[in-house]
Protein chains: 2
Amino acid sequence: MQQHILENLSKSELLREMKPAFLEALAEIAVERTLVSDETLFMQHQEATGFYLICTGSVKVYRIGGDGREQVIHQFGPGEIVGEVPVFQGTAYPACATAVKKSRLIYFARNRFVELGRRQPEIFLNMLAILSRRLRQFVELIDDLSLKDVTARLAKYLARGCDSGSSCVVELELSKSALASRIGTIPATLSRTFKKLQDSGAIKVSASKIHILDCELLASIASGEKLGDL
Amino acid sequence: MQQHILENLSKSELLREMKPAFLEALAEIAVERTLVSDETLFMQHQEATGFYLICTGSVKVYRIGGDGREQVIHQFGPGEIVGEVPVFQGTAYPACATAVKKSRLIYFARNRFVELGRRQPEIFLNMLAILSRRLRQFVELIDDLSLKDVTARLAKYLARGCDSGSSCVVELELSKSALASRIGTIPATLSRTFKKLQDSGAIKVSASKIHILDCELLASIASGEKLGDL
DNA sequence: GTTTAGCTTTGACTTAAGTCAAAACACTGA
DNA sequence: TCAGTGTTTTGACTTAAGTCAAAGCTAAAC
């Protein structure tokens with residue numbers, strides 16, 4: 001049973017980064033919960049008693065405006081976490097959450113979570129590490145999105161693969177369309193950009209295998225050097 | 001003395017959001033440190049013994065590549081925090097950090113920080129709240145940067161001000177150039193965009209006071225409705 | 001094999017938004 | 001008051017990258 005929960009936890013993009021021992025401790029305090037479509041998780045203004053990890057299904061988070069209309073803020077899917085901010089803050093839920101289809105969730109009660117952290121502060125420390133690392137990555141991506149062009153962003157993505165080695169092969173673990181949205185563009189543009197990088201001589205593309213021919217060149221493109229400037 | 005540190009802490013964009021009592025506790029374990037230009041904070045691979053908040057000056061973080069050349073990853077300025085990720089993770093510093101000019105920093109020793117969290121886990125919880133809230137905002141901004149145009153982003157920024165009320169006045173607390181970079185654009189474009197929104201009848205601009213004339217319209221522009229579609 | 005469906009690539013076209021430079025405006029201190 | 005500095009606006013121009021639609025590929029399914 002707890003084993004089953006553990007498996008689900010490690011599908012969450014954030015939690016999977018925790019140290020295994022801590023993740024197990026977290027699984028211990030978790031309980032599973034199934035919702036039918038349109039069942040409500042929590043309401044706006046209600047005291048935040050716990051947060052949820054979505055395993056399957058989908059949950060919409062929305063606010064009820066003064067005029068009674070509901071305004072959807074976001075829809076969350078598998079692997080995403082809902083409601084943790086007010087739980088950590090100790091405030092009320094700032095919005096409502098309702099399942100839009102049959103969903104399986106994992107629930108973490110606030111008091112059990114706090115108790116866990118009191119016994120093992122390292123768990124909180126581990127979570128702080130994950131969040132601040134993620135924050136760093138996002139700050140960087142935001143910078144890149146507004147300052148760099150698609151070519152530089154793709155080059156940067158590819159350059160992560162091979163450190164300093166003069167040549168190597170990167171196997172894309174994402175589909176090209178997924179990669180496109182990862183670096184903030186669309187498949188058509190990505191395709192053209194791959195070709196552009198290939199023409200520059202920095203890489204060679206064969207399906208999902210990218211041969212990095214000139215790592216230095218790739219790095220300089222990644223840092224914003226225009227191809228024409230060479 | 002500690003009072004002085006406290007003041008500096010509340011200038012950090014992240015720490016200032018902490019509950020005052022916790023911030024004071026944090027100030028208790030902090031020590032001030034002054035660096036001359038080119039003085040090194042820490043080296044790559046060295047055990048992470050603590051992290052720093054920059055009060056004045058500037059610190060560059062860089063990696064030494066296999067070929068000995070230093071590759072600057074980022075330069076941090078006042079209010080920013082350096083080195084917290086490896087400290088939280090309990091790993092070595094992944095890069096080097098050196099002051100690029102005379103700088104005043106505040107140092108948090110890892111062991112004192114952990115000890116503090118052990119005594120008062122609520123402090124960690126409070127920090128978790130701040131980080132996850134910030135993360136949420138960033139996820140949203142990243143979405144907006146790649147999916148929405150400047151007009152929608154500006155409309156959204158302005159719409160935060162007036163909830164559901166049909167009309168109100170928002171006083172910009174940022175300069176227009178700061179606002180521009182906040183929503184991922186440049187002053188020239190921002191200026192034109194303000195005019196565009198004004199022409200649509202949603203707002204009226206007078207210097208740093210923005211009169212919101214039609215909140216509904218503004219909200220629909222914010223959610224991606226093109227002005228031509230009306 | 002052939003069909004169907006899902007990616008990926010390509011081409012032709014459009015446009016939002018950036019660049020650069022000049023002008024207008026605002027604010028401070030002499 | 002005026003000079004002097006910094007910010008905001010404007011205009012003319014350029015371009016990266018998006019849209020849409022068609023054509024190629026793969027690869028599993030019949």
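Tutor: Gladly! Keep in mind that this model is predicted. Let us start with a network of salt bridges, which links A:Glu13, A:Glu17, A:Arg133 and A:Arg134. Over all chains, a search of the whole structure finds 22 salt bridges.

Student: What makes A:Glu140 and A:Lys156 a salt bridge?

Tutor: Set the distance against the cut-off. Their side chains meet at 2.6 Å, N to O, and the limit for a salt bridge is 4 Å. The pair therefore qualifies. The pair links distant parts of chain A, with A:Glu140 in helix H5 and A:Lys156 in helix H6 (residues 150-159), 16 residues apart.

Student: Why is A:Lys156 called partly exposed?

Tutor: The relative accessibility of A:Lys156 is 22%. Buried means under 20% and exposed means over 50%, so A:Lys156 counts as partly exposed. A:Glu140, with a relative accessible area of 39%, is partly exposed too.

Student: How do you know that A:Glu115 and A:Arg119 form a salt bridge?

Tutor: Their closest N and O atoms are 3.9 Å apart, and the limit is 4 Å, so this pair counts. A:Glu115 and A:Arg119 both lie in helix H4 of chain A, four residues apart, about one turn of the helix.

Student: What makes the pair of A:Glu122 and B:Arg118 one that joins two chains?

Tutor: A:Glu122 lies in helix H5 of chain A and B:Arg118 in helix H4 of chain B, so the pair joins two chains. Their side chains meet in a salt bridge at 3.1 Å, N to O. The count between chain B and chain A is four salt bridges, including one between B:Glu84 and A:Arg136, with the closest N and O atoms 3.2 Å apart.

Student: Which part of chain B supplies the largest share of the side that touches chain A?

Tutor: That is H5(B), with 19 residues. The contact takes 37 residues from chain B and 37 residues from chain A. Together the two chains bury about 3400 Å², 71% of it on carbon and sulfur atoms.

Student: Let us turn to rings. Why is the pair of A:Phe51 and A:Phe88 called edge-to-face?

Tutor: Their planes are at 75°, and over 60 degrees counts as edge-to-face. The centres are 5.7 Å apart, and rings pair within 6.5 Å. So the pair is edge-to-face. A:Phe51 lies in strand E3 (residues 50-56) and A:Phe88 in helix H3 (residues 84-89) of chain A, so the pair ties together parts that are 37 residues apart in sequence. Both A:Phe51 and A:Phe88 are buried.

Student: Why is the pair of A:Phe113 and A:Phe124 called tilted?

Tutor: Their planes are at 35°. Under 30 degrees would be stacked and over 60 edge-to-face, with the rest tilted, so this pair is tilted. Both A:Phe113 and A:Phe124 are buried. Together with A:Phe51, A:Phe88 and A:Phe108, they form one aromatic cluster.

Student: How do you know that B:Lys60 sits over the ring of B:Tyr62?

Tutor: The charged end of B:Lys60 is 5.2 Å from the ring centre of B:Tyr62, and the distance limit is 6 Å.

Note on methods. Residues numbered from 1 in each chain as written. Chains lettered and ligands numbered in written order. Predicted model: local features only at pLDDT ≥ 70, side-chain atom pairs only at ≥ 80, totals over all residues. Heavy atoms only, no water. Phe/Tyr/Trp six-rings, centres within 6.5 Å; stacked < 30°, edge-to-face > 60°. Buried < 20%, exposed > 50% of the residue type's maximum accessible area, 1.4 Å probe, protein only. Lys NZ or Arg CZ within 6 Å of the ring centre and 35° of its normal. Contact = heavy atoms within 4.5 Å. Buried area = accessible area lost by both parts, 1.4 Å probe.
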